[in-house]
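Please read the following note beside the sequence and the model. It moves from one residue to the contact between two chains.

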Amino acid sequence: MVKYFLGQSVLRSSWDQVFAAFWQRYPNPYSKHVLTEDIVHREVTPDQKLLSRRLLTKTNRMPRWAERLFPANVAHSVYVLEDSIVDPQNQTMTTFTWNINHARLMVVEERCVYCVNSDNSGWTEIRREAWVSSSLFGVSRAVQEFGLARFKSNVTKTMKGFEYILAKLQGEFLGEAPSKTLVETAKEAKEKAKETALAATEKAKDLASKAATKKQQQQQQFV
Amino acid sequence: MNSVGEACTDMKREYDQCFNRWFAEKFLKGDSSGDPCTDLFKRYQQCVQKEIPIEGLEFMGHGKEKPENSS
């Protein structure tokens with residue numbers, strides 16, 4: 001997941017003044033976090049463009065919570081590369097800047113296009129895009145996936161455990177092998193109850209008819 | 001501004017002065033007559049290339065190479 005930034009700025013100076021200032025802006029009161037500056041590559045192309053690579057080292061200022069989470073990153077400054085193409089014929093300049101260390105923690109990339117302001121040719125506009133990404137986002141997704149997979153596996157174990165203990169308890173109650181399930185024993189109990197009831201009804205019927213016959217015999221004697 | 005290699009700072013400043021003059025007075029005006037700073041640049045580069053912790057990164061792109069003190 002990448003955070004995207006888009007912005008536009010205007011400098012009230014002409015394009016050639018801005019391009020010249022670009023190379024002279026360090027140090028300035030707002031650049032205390034920039035420690036060193038070096039041109040590490042420069043060439044003029046056949047079509048009269050100036051290609052440059054500038055290396056900057058910057059302080060690595062993090063909030064306290066980040067310092068605690070990433071102690072290994074605290075001691076190292078950030079190395080930043082800025083590649084640029086100056087095209088004086090078209091009066092434009094393009095820059096691409098990114099950090100080359102601390103990359104496993106976070107990468108910030110910035111692309112700028114400098115050109116003559118569309119409203120005022122004595123001004124310069126800067127179109128700035130940036131992308132902020134972190135591989136930690138992938139780590140947090142992996143942690144979530146792992147957590148869910150482990151949870152599902154534990155649910156399976158929970159249910160198996162339940163079935164085991166239930167079967168065991170039913171086996172002890174009925175004096176039968178613990179392999180029978182609650183459903184099976186319940187069924188059997190039902191059948192048994194039916195049979196007993198039927199037998200009781202028959203017996204009662206039998207007793208009743210026997211009693212009736214005896215009474216008849218007694219009455220006959222007294223007449 | 002300091003160079004990443006302390007010993008190179010003076011050479012860097014000399015080169016920068018030469019470059020800034022040529023850039024504003026010649027290059028931006030479309031004057032393609034020679035670059036007067038090549039010697040100063042060479043001297044500066046000889047010093048600084050030893051100090052920089054990066055190698056072979058693609059121009060205008062982010063390279064896969066990792067510097068020594070990466071974290």
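1. A polar contact is a pair of N or O atoms within 3.5 Å; within protein, one must be able to donate a hydrogen and the other to accept it, and residues adjacent in sequence count only if both atoms are side-chain atoms. Such a contact, of 2.8 Å, joins the side chains of A:Arg54 and A:Glu37.

2. The model is predicted: local features need pLDDT of at least 70, side-chain atom pairs count only at pLDDT 80 or more, and totals for chains, interfaces and linings use all residues. Residues are numbered from 1 along each chain as its sequence is written, chains are lettered from A and ligands numbered from 1 in the order in which they are written, and side-chain values use heavy atoms, with hydrogens and water left out.

3. A:Arg54 counts as buried because its relative accessibility is 0% (buried means under 20% relative accessible area, with a 1.4 Å probe and protein chains only).

4. Across the interface of chain A and chain B, the rule finds one salt bridge.

5. The contact takes 46 residues from chain A and 34 residues from chain B. Of the area that chain A buries against chain B, A:Asp38, A:Arg42 and A:Ile100 supply 15%, more than any other three residues (buried area is the accessible area, 1.4 Å probe, that two parts lose on being put together, summed over both).

Technical notes:
Buried < 20%, exposed > 50% of the residue type's maximum accessible area, 1.4 Å probe, protein only. Contact = heavy atoms within 4.5 Å. Salt bridge = Lys/Arg side-chain N within 4 Å of Asp/Glu carboxyl O.
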